Amino acid sequence: MQYLQILIGFIGLIALAIPFSNNIKLINYKHLAAGILFQIFLALLLLKAPLITSFFTYLADGVEVLKVATKEGTIFMFGYLGDPADGMIFAFHILPFIIVMSCLTAILWYWGVLPILVKGFSIVCQKLFNIGGPIGLGGAANVFVGQVEAPLLIRPYLKDLSKKELLILMTTGMATVAGSVMIALVSILDMKFEGINLIQHFLIASILSVPAAIVYANIMIPSNHITDFESSETPRVYESTMDAITRGTSDGMNIALSVGSIVLAFIALVFIADSILGLIPISLGGEDLSLKLILGYMFAPIAWMMGIPWDEALVSGKLLGTKTALNEFVAYLDLAALSEGALSDRSRLITLYGLCGFANFSSIGILVAGISAMAPEKKPELIEVSLKALVGATLASCMTGLVLSLFI
């Protein structure tokens, strides 16, 4: 029955995207099947290959060092408020990770470590999905850099991109979580996932979501248009190590402030919405009407299609709905706050994968504003494909959760 549920999930998650297609007859089902099989192969490799799992173990040790180092800097800046021993304060114990990781990511990019990884992944995606170099690079880079920073790598080519290529760029941006944010999310969930290598799962989720996002973009705007590089060189971003440190830190500060502001505002808005809904004398399943409950019922079937048992689908659906309507940080905070037994270990991990992405309404504004600032003439097209990108990115993250369910 579990494998039957997974089979229905693959069919269902693809079928949900077809009504958003510009031309159903032009959908390349060969690329679609190749994308799903590539996801499954990647998951098998990343989850089961001894050499790779050993690398993730060392990476987890590195993350622990990074967390201690960030704590030292936070305590120096904020004194006792920077020490989480007496309880976690989001502004002082979570947001600083974004700043430090953004700086480290910039350094690794300038030193050539990340470009090698991104370029290798990009080449595979280009061959597999018949896409050009700029889109392959921009899509793959989202695993390590932010959804606005990735388009910067292909800025000279933005003006030449087709609607489908813009859709791929936006969908991959919203279906992944940047490296600068991963460490902050790991810190939120540490206590809830004891004994699990969270950085491994966040990285795998983002990597798997790139081909899934390209699959959904190919469904929604089928096209053979390809924009390619004039040369094979990876674009230069930073001028020196010091330039990478200063710009990476500055970008991290902007991201941290943005995340903090959005989380604060959205939590307040949810409280207001729930207060208004509470005036309506209606209950669902014995619970008073609330925004999360409504979203839970909307997303529960999608949670089931990810491989989660129906008796847990509503809990997972609430989290998926929260992430899409509000913010992935709010959703992960809710996941961390779940009572024991609300989700099984398997369902919690599948849900973690389904939540791993920037696919929410605020990201549409961020991406449209960020990319159109680099290519103003593309703003109307970006707005036109933005809803498709949100739907495609949401489904891509859910598809990644479904692929994971095959292996746990």
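1. Helices here are DSSP runs of at least four residues, numbered from the N terminus. The model is a predicted one. Met1 belongs to the segment that precedes helix H1, which covers 2-15.

2. Met1 has a relative accessible area of 79% and is therefore exposed, the cut-off for that label being over 50%. A nonpolar surface patch is formed by Met1 together with Leu4, Leu7, Ile8 and Ile11. The accessible area of these residues together is about 540 Å².

3. Leu169 sits in helix H9, which runs over residues 163-175. Its relative accessibility is 2%, so Leu169 counts as buried; the limit for buried is under 20%.

4. With neighbours within four places in sequence set aside, the contacts of Leu169 are Ile135, Gly138, Gly139, Asn142, Pro151, Ile154, Leu158, Leu161 and Ile371. For the separation from Gly296, the C-alpha to C-alpha distance from Leu169 is 29 Å, and the two residues are 127 residues apart in sequence.

5. The largest nonpolar core has 134 residues, and within this core Phe202 and Phe329 touch the most other members. Helix H11 (residues 198-220) supplies the largest share of the core, with 17 residues.

6. Phe329 can be checked through its own contacts. Leaving out neighbours within four places in sequence, Phe329 is in contact with Phe90, Ile94 and Ile98, with Val181, Ala184, Leu185 and Ile188, and with Val259 and Val263.

Technical notes. Residues are numbered from 1 along each chain as its sequence is written. This is a predicted model: local features need pLDDT of at least 70, side-chain atom pairs count only at pLDDT 80 or more; totals for chains, interfaces and linings use all residues. Side-chain values use heavy atoms; hydrogens and water are left out. Helices (H or I, at least four residues) and strands (E, at least two) are DSSP runs, numbered from the N terminus. Buried means under 20% relative accessible area, exposed over 50%, partly exposed in between (1.4 Å probe, protein chains only). Contact means heavy atoms within 4.5 Å. Patches are made of residues with over 30% relative accessible area and no salt bridge: like charges are joined within 9 Å, nonpolar side chains (Val, Leu, Ile, Met, Phe, Trp, Tyr) within 5 Å. Accessible areas come from the Shrake-Rupley method with a 1.4 Å probe; for residues, only the protein chains shown count as cover. A salt bridge is a side-chain nitrogen of Lys or Arg within 4 Å of a carboxyl oxygen of Asp or Glu. A nonpolar core is a set of buried Ala, Val, Leu, Ile, Met, Phe, Trp, Tyr and Cys residues joined through side-chain atoms within 4.5 Å.
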